[in-house]
Amino acid sequence: MEGITEGVNNMSVSAETQKKNRIQVSNTKKSLFFYVNLSKRYMQQYNEVELSALGMAISTVVTIAEILKNNGFAVEKKIRTLTVDMRDEPGARPIPKAKIEVVLGKTQKFDELMAAEAKQNGDNEEQN
């Protein structure tokens, strides 16, 4: 019985860790580069980031992931697509929505690129 309790406790800890590095992307609330920069900060802190979106925001997640990959900051670790039932209000009929989850990890040169970017931003501020 103790082994089961310990296993349940360990599961809840890993679920909490996964939630901390998740960004739920909207295509209406924030700009694309807000999410790109937030993803970089999450990768600095947690070594990976999970981008999640529903419906029309899926293309925004794909674009964020591609920007990070093409600039050498991230590598794909996992891509998951699914359909979830959403309700507009309690008791309403469920509406199926497409969902994507993309997990990105830091590249070997991530820290080097971040340091160069920070130096460049510091130089730009000094010039202003």
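What pLDDT does the chain average, and what share of the residues score at least 70? The chain averages a pLDDT (the predictor's confidence in each residue, from 0 to 100) of 85, and 80% of the residues score at least 70. The model is predicted: local features need pLDDT of at least 70, side-chain atom pairs count only at pLDDT 80 or more, and totals for chains, interfaces and linings use all residues. Residues are numbered from 1 along each chain as its sequence is written, and side-chain values use heavy atoms, with hydrogens and water left out.

**Figure 1. Overview of the chain and its confidence.** The chain contains four helices and four strands, where helices (H or I, at least four residues) and strands (E, at least two) are DSSP runs numbered from the N terminus. Their order from the N terminus is α-β-α-β-α-β-β-α. Confidence is lowest in helix α1 (residues 2-20), with a mean of 47, and highest in helix α3 (residues 58-70), at 97. Over residues 1-18 the pLDDT is below 50, and this stretch has one contact in the model beyond near neighbours in sequence. A contact here means heavy atoms within 4.5 Å. Of the contacts in the chain with a separation of 6 or more, 69% are accounted for by residues 24 or more positions apart. Buried residues make up 30% of the 128 residues; buried means under 20% relative accessible area, exposed over 50%, and partly exposed in between (1.4 Å probe, protein chains only).

Figure 2. Residues I58, T60, V61, I64, A65, I67 and L68 are the buried residues of α3, and they pack against α2, β2, β3 and β4. Just after the helix, G72 takes a positive phi of about 85°.

**Figure 3. Close-up of T63.** T63 lies in helix α3 and is partly exposed, with a relative accessible area of 33%. Its side chain reaches the backbone oxygen of S59 at 2.9 Å. T63 and L32 are separated by 31 residues in sequence, whereas their C-alpha atoms are 8.3 Å apart in space.

**Figure 4. Close-up of the largest nonpolar core.** A nonpolar core is a set of buried Ala, Val, Leu, Ile, Met, Phe, Trp, Tyr and Cys residues joined through side-chain atoms within 4.5 Å. The largest such core has 23 residues, of which V25, L51, L68 and L104 touch the most other members. At least two residues of this core come from each of α2, β2, α3, β4 and α4 (110-127), and α3 supplies the largest share, six residues. Residues up to four places away in sequence being left out, L104 touches M43, N47, E48, V49, L51, A65, L68, A74, V75, E76 and K77.

**Figure 5. Close-up of the E48-K77 salt bridge.** A salt bridge is a side-chain nitrogen of Lys or Arg within 4 Å of a carboxyl oxygen of Asp or Glu, and a search of the whole structure finds eight. One of them joins the side chains of E48 and K77, at 2.9 Å from N to O. This pair links distant parts of the chain, with E48 in strand β2 (residues 48-54) and K77 in strand β3 (residues 74-86), 29 residues apart. E48 is partly exposed, with a relative accessible area of 25%, whereas K77 counts as exposed at 53% relative accessibility.

**Figure 6. Close-up of the salt bridges at E101.** R80 forms a salt bridge with E101, and the closest N and O atoms are 2.9 Å apart. The pair connects distant parts of the chain, R80 being in strand β3 and E101 in strand β4 (residues 95-106), 21 residues apart. R80 counts as partly exposed at 38% relative accessibility, while E101 counts as buried at 7%. The side chain of E101 also meets that of K99 in a salt bridge, at 3.4 Å from N to O. K99 counts as buried at 18% relative accessibility.

Figure 7. Salt bridges link E66, K69 and E76 in a network. K40 lies in helix α2 (residues 32-46) and counts as buried, with 7% relative accessibility. Its neighbours within four places in sequence aside, K40 is in contact with L68, F73, F110, M114 and E117.

How values were computed. Polar contact = N/O pair within 3.5 Å; in protein donor to acceptor, adjacent residues only side chain to side chain.
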